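I opened my notebook for a friendly look through a structure that is new to me. Here is what I looked up, entry by entry.

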Amino acid sequence: MASPEDLRADHTEPVGTVRWATFAGVCVLALLWSAYSVGAQNGTFLTQDFGAQYHLAKMTAHGAIPLVDFEHGWNAGSFWVSAVLYAVASGSPTIWYFLWGRLLGAGLGAVLAAAIGLRLRLHPAVMIAVALGVLLLATPLHIKYTICLLWVFVLLPTGWLGSRPRLAAAARVLLPALVFWQYVELAVLLTGASGLFELFARREVSWRTRIVNCLQLAGGFLLGLVLQATAYKVLWGLSFADFNRQVILGQTETHEGSQYAVWNFFDLPTESGRFFILALYPFALLLPFVPLVWQRISDSTRLIALAGLVLVVVPIRRVDNPHTTTVSALVLLAVVLAVAELWESGPRTSSLSRRPVAWMLALVGALWAGATLWLGFGLQSMAGAVLLVALAVAGAVLGSTFLRGATAAVSAGALVVLGCVPALASVDHLNDMRRDAKSFQVTDAITRWAGPEVERCSGGSREALVMPNYLELYDTLGITNPTPYYLFHYDFAQYEDVLVPQLEDGSIPVIIETMPLHTPQPWLTDAIHANYVPCSIVRIEKQATTVTIWTHKSRGSVERRDLSVRGGELIPTR
């Protein structure tokens, strides 16, 4: 049975050929995915957020001073990087977005996830899992959010950095300074995450060392602030007050209460196929902080989990798939690592002498998880994110430290509550889709507007052939199919010898054509045109559907109509 200390010792083993080969394969895959997942950018692109970044990159490349922040957290260095990418792309929006968004976003994110696997000496299968997860599931939108993965890659408390105190100190100072120049928001959040790690999550390090490490992190952030303010003052004559207003205070002034949304677990946005990210995110976010899990994961996984936790402010501020997905890479990585480490360390048993005590302790865990979810995701202010981080860290640290034999019971109660969120949200989502879906919208429209014309053209006959789709019309119009054929598939011509005589002798009195055939059948359309006349054409503009009702020539002359549905009325087309 391996302990967290044993796991950290495993991280010092040689990387090995297989891991290096896996990493190289991930790099190739990331490049291919980045190239093949980007499409040609059109005019709409240039009017959206990405387009604004493209234009700011262009302006910076042409000599503008990158001072005015766009949205939240963008800083001078990010504009300079974007300007370099603009130059490499020769001004092409598509190539620029490929570099800035796809390659240095999800592509680099997958590479960094695999690189973290190298540093932690993960099994190649786990390396592949986290890389594919970043590419396909928790996909950073662009270069900004790969900074989060880079941060934990550099500061992981293991391997070459952990054994070189001076190098580790330099990293803790320089990394916040560099990130501040890129993105103020991430510099604040990630510096805070590393501070929480040093104070509450790192094991076998003296309090003096932890405090010194926190001071180094804070000093690095302050260094980035001072250097940038001085540079703008010396090079461009900008006063510190103006710099502070645009770079620091501007970040708080633009995100007042209205910018923070309540995360309603059972009424989440469903505008894309990644609804499951929204449903799973709270569960995955807090899973590493369940006391039993927190107790058994390594320090490296704790750092990654904390970095993902503080980024919760991003999706809480904007409850949607893109913002949740883009900050979920660290959350995904922490969960995969936690599961791998729990599996490697093997099962542990914990028993309580009295069953009622276990139930009471489970209730405590449930209350902790419920309060963290309700307050963290339910307050429409920045206080929600702060409380979520505080409760998660407090529950993990206090629970894993003081519960001892009761850890399992408390953790079980917490896991039940956390697991209910995605489970119940999925059920609610299915109910929403069942209630709101317009599955038979076109069929209902055809029945409403073309139904009277079918009655008129059929002359009382209840037999008609619907082709090639909307087979629900047989039920809604109360008609039967005089043939055994329903699906007009690509090899439908095998029935020509049987069907053509029926079309000629009138045993199919009416044909309701709801759309063109998916696969052309010249023999069929020729037989229809030779033996039938269009009794009525009904154009339903809202559904972009045209229904043609054909009647057999044996009925003699019929009144032909061409009608259109406009403004809720059926009127002559011409």
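**Entry: disulfides**

I began with the cysteines of this predicted model. How many disulfides does the count come to? I found one disulfide. Cys457 and Cys535 are the partners, with 2.1 Å from S to S. As a reminder to myself, a disulfide is a covalent bond between the sulfur atoms of two cysteines.

I then looked up the turn about the S-S bond. For Cys457 and Cys535 the angle is -85°, and the link is left-handed. Which parts of the chain does the pair link? Cys457 belongs to helix 22 (residues 441-458), while Cys535 is in strand 3 (residues 532-540). The two are 78 residues apart, and the pair links distant parts of the chain.

Is Cys457 buried or exposed? Cys457 has 1% relative accessibility, so I noted this cysteine as buried. Cys535 is buried as well, with a relative accessible area of 1%.

**Entry: other cysteines**

I put Cys148 down as buried because its relative accessibility is 3%, under the 20% cut-off. Cys420 went into my notes as partly exposed, at 34% relative accessibility.

**Entry: aromatic pairs**

Next I turned to the rings. A pair of aromatic rings is described by the distance of the centres and the angle of the planes. The count of aromatic pairs comes to 23. One of them is formed by Phe265 and Phe377, with 5.6 Å centre to centre and 65° between the planes, and this pair is edge-to-face.

Where do these two residues lie? Phe265 is in the loop between helix 12 (240-253) and helix 13 (275-286), and Phe377 is in helix 19 (residues 355-378). They are 112 residues apart, so I wrote down another link between distant parts of the chain. Phe265 has a relative accessible area of 13% and is buried. Phe377 counts as buried too, at 1% relative accessibility.

I also looked up Tyr485 and Phe492. Their ring centres are 5.9 Å apart and the planes stand at 90°, so this pair is edge-to-face. Tyr485 is buried at 12% relative accessibility, and Phe492 is buried with a relative accessible area of 1%.

**Entry: a ring cluster and two charges**

Which residues do ring pairs link into a cluster? I listed Phe50, Tyr54, Trp74, Tyr86, Trp96, Tyr97, Trp100 and Tyr183. Trp74 came up again when I checked charges over rings: Lys144 lies over the face of Trp74, 5.0 Å from the ring centre. In the case of Phe153, the charged end of Arg119 sits over the ring, at 5.8 Å from the centre.

**Entry: Thr146**

My last stop was Thr146, which lies in helix 7 (residues 146-155). Is Thr146 buried or exposed? Thr146 counts as buried, with 4% relative accessibility. What does the side chain of Thr146 reach? I found the backbone oxygen of Ile143, at 2.6 Å. Leaving aside residues up to four places away in sequence, Thr146 touches Leu104, Gly105, Leu108, Gly109, Leu112 and Pro140.

How values were computed: Residues are numbered from 1 along each chain as its sequence is written. This is a predicted model: local features need pLDDT of at least 70, side-chain atom pairs count only at pLDDT 80 or more; totals for chains, interfaces and linings use all residues. Side-chain values use heavy atoms; hydrogens and water are left out. Rings of Phe, Tyr and Trp (its six-membered ring) pair if their centres lie within 6.5 Å; planes under 30 degrees apart count as stacked, over 60 as edge-to-face and the rest as tilted. Helices (H or I, at least four residues) and strands (E, at least two) are DSSP runs, numbered from the N terminus. Buried means under 20% relative accessible area, exposed over 50%, partly exposed in between (1.4 Å probe, protein chains only). A charge sits over a ring if NZ of Lys or CZ of Arg is within 6 Å of the ring centre and within 35 degrees of the ring normal. A disulfide is a pair of cysteine sulfur atoms within 2.5 Å. A polar contact is a pair of N or O atoms within 3.5 Å; within protein, one must be able to donate a hydrogen and the other to accept it, and residues adjacent in sequence count only if both atoms are side-chain atoms. Contact means heavy atoms within 4.5 Å.
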